[in-house]
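This report describes a metal site, the packing of helices around it in the text, and several individual residues. The structure is shown first.

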Amino acid sequence: MAFTLPELTYAYDALEKSIDARTMEIHHTKHHGAYVNNCNNAIAGTEWDEKSIEEILAHISKLPAAVRNNGGGHYNHSLFWQLLSPNGGGRPSGVLGSDIESTFGSFDTFREQFSNAAATRFGSGWAWLVADASGALKICSTPNQDNPLMDIAEVKGTPLLGLDVWEHAYYLRYQNRRPDYINAFWDVIDWDEVARRYAATR
Ligand code: MN3
């Protein structure tokens, strides 16, 4: 079963307050589209082409770099689009909100630490909030298209929130100002989706 490029549930210009339409369109159709095609080509005719993306990532150390880069890219972007919403922003409520507060001290401290992980990732990569195997919330970052589901990840866990800090995610509007893009990201986070993912791990 070949992987396919998922449709977005909102228009390319729906997140304009934080991410411009042209960036969204190129990012989705060209960048994510290429990860899907390249991943499919890399696993075609192997034992992995019947497996889920999660199962592939869990065994990524046994697979070629093309699968790590493009399979990771497919998973990461599929998640990223779901975490964004034109009605996003604000703060998480419920169990997620209180667990973030008890883990990091406050929502503002969490936001600062996550933003710092995103800002200080050298080169291309992602910042993450994960729930690890014990259920603990952790912030980490990964290079390139790696993610915390990979068996080679330094910090492993289920990704709840992820931020793409590749230049292709922000350069048209923000150029070298990655911190401004990170700041704008908080206005389009769909906390209901993050909470749904957290609940599924518990
Ligand atoms: Mn990207």
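## Metal site

The model is predicted. Its manganese ion has four protein donors, namely the NE2 atoms of His 27, His 77 and His 168 together with the OD atom of Asp 164, at 1.9 to 2.1 Å from the ion. Along the sequence the donor residues follow the spacing H-x49-H-x86-D-x3-H. His 77 belongs to helix 3 (residues 65–82), whereas His 168 sits in the loop between strand 3 (158–164) and helix 6 (171–174), so this pair ties together parts that are 91 residues apart in sequence. Both of these histidines, His 77 and His 168, are buried.

For His 77 the relative accessibility is 0%, and because buried means under 20% relative accessible area, the residue falls in that class. Which residues does His 77 contact, leaving aside its neighbours within four places in sequence? They are His 27, His 32, Tyr 35, Trp 126, Gln 145, Asp 164 and His 168. Arg 197 stands 120 residues away from His 77 in sequence, and the C-alpha atoms of the two residues are 16 Å apart.

## Further residues of helix 3

His 74 is also placed in helix 3. Its relative accessible area is 7%, and His 74 is therefore buried. Not counting residues up to four places away in sequence, His 74 touches Phe 3, Thr 4, Pro 6, His 32, Tyr 35 and Val 36.

Arg 68, another residue found in helix 3, is partly exposed, with a relative accessible area of 30%. Beyond four places in sequence, Arg 68 is in contact with Ile 60, Gln 145, Asp 146, Met 150 and Ile 152. Arg 68 and Cys 39 are 29 residues apart along the chain, and their C-alpha atoms are separated by 8.5 Å.

## Helix packing

Two packed helices are described by the angle between their axes and the distance between the axes.

| Helix pair | Angle between axes | Distance between axes |
|---|---|---|
| Helix 5 (residues 107–120) and helix 7 (residues 178–185) | about 140 degrees | 10 Å |
| Helix 4 (residues 94–104) and helix 5 | about 75 degrees | 8 Å |
| Helix 4 and helix 8 (residues 191–200) | about 85 degrees | 8 Å |

With its angle of about 140 degrees to helix 7, helix 5 is oblique to that helix. The crossing in which helix 5 passes helix 7 is right-handed. On the side of helix 5 the contact involves Arg 111, Phe 114, Ser 115, Ala 118 and Ala 119, and these meet Arg 178, Ile 182, Asn 183 and Phe 185 of helix 7. By class, this contact of helix 5 with helix 7 holds five nonpolar, two polar and two charged residues.

Helix 4 and helix 5 are roughly perpendicular to each other, because angles of 65 to 115 degrees count as such. Ile 100, Glu 101 and Phe 104 of helix 4 meet Phe 107, Thr 109, Phe 110 and Gln 113 of helix 5. Four nonpolar, two polar and one charged residues make up the contact of helix 4 with helix 5.

How are helix 4 and helix 8 oriented to each other, roughly parallel or roughly perpendicular? They are roughly perpendicular. In helix 4, Val 95, Leu 96, Asp 99 and Ile 100 meet Trp 191, Val 194, Ala 195 and Tyr 198 in helix 8. The residues of this contact of helix 4 with helix 8 divide into seven nonpolar, no polar and one charged. Ile 100 takes part in the contact with helix 8 and in the contact with helix 5.

## Positive phi angles

Asn 144 has a phi near 55 degrees, a positive value in a residue other than glycine. Asn 144 lies in the loop between strand 2 (137–143) and strand 3, and is partly exposed at a relative accessible area of 38%. Gln 175, in the loop between helix 6 and helix 7, likewise has a positive phi, near 45 degrees, and is not a glycine. With a relative accessible area of 29%, Gln 175 is partly exposed.

Terms used. Residues are numbered from 1 along each chain as its sequence is written. This is a predicted model: local features need pLDDT of at least 70, side-chain atom pairs count only at pLDDT 80 or more; totals for chains, interfaces and linings use all residues. Side-chain values use heavy atoms; hydrogens and water are left out. Donors are N, O and S atoms within 2.8 Å of the metal (3.2 Å for Na, K and Ca); water is not among the atoms, so sites may look incomplete. Helices (H or I, at least four residues) and strands (E, at least two) are DSSP runs, numbered from the N terminus. Buried means under 20% relative accessible area, exposed over 50%, partly exposed in between (1.4 Å probe, protein chains only). Axes are lines fitted to C-alpha atoms, for helices over the stretch in contact, and angles run from 0 to 180 degrees between N-to-C directions. Angles under 35 degrees count as roughly parallel, over 145 as roughly antiparallel, 65 to 115 as roughly perpendicular and the rest as oblique. A crossing is left-handed if the near helix is turned anticlockwise from the far one by less than a right angle, and right-handed if clockwise. Contact means heavy atoms within 4.5 Å. Ala, Val, Leu, Ile, Met, Phe, Trp, Tyr, Cys and Pro count as nonpolar, Asp, Glu, Lys and Arg as charged, and the others, Gly among them, as polar.
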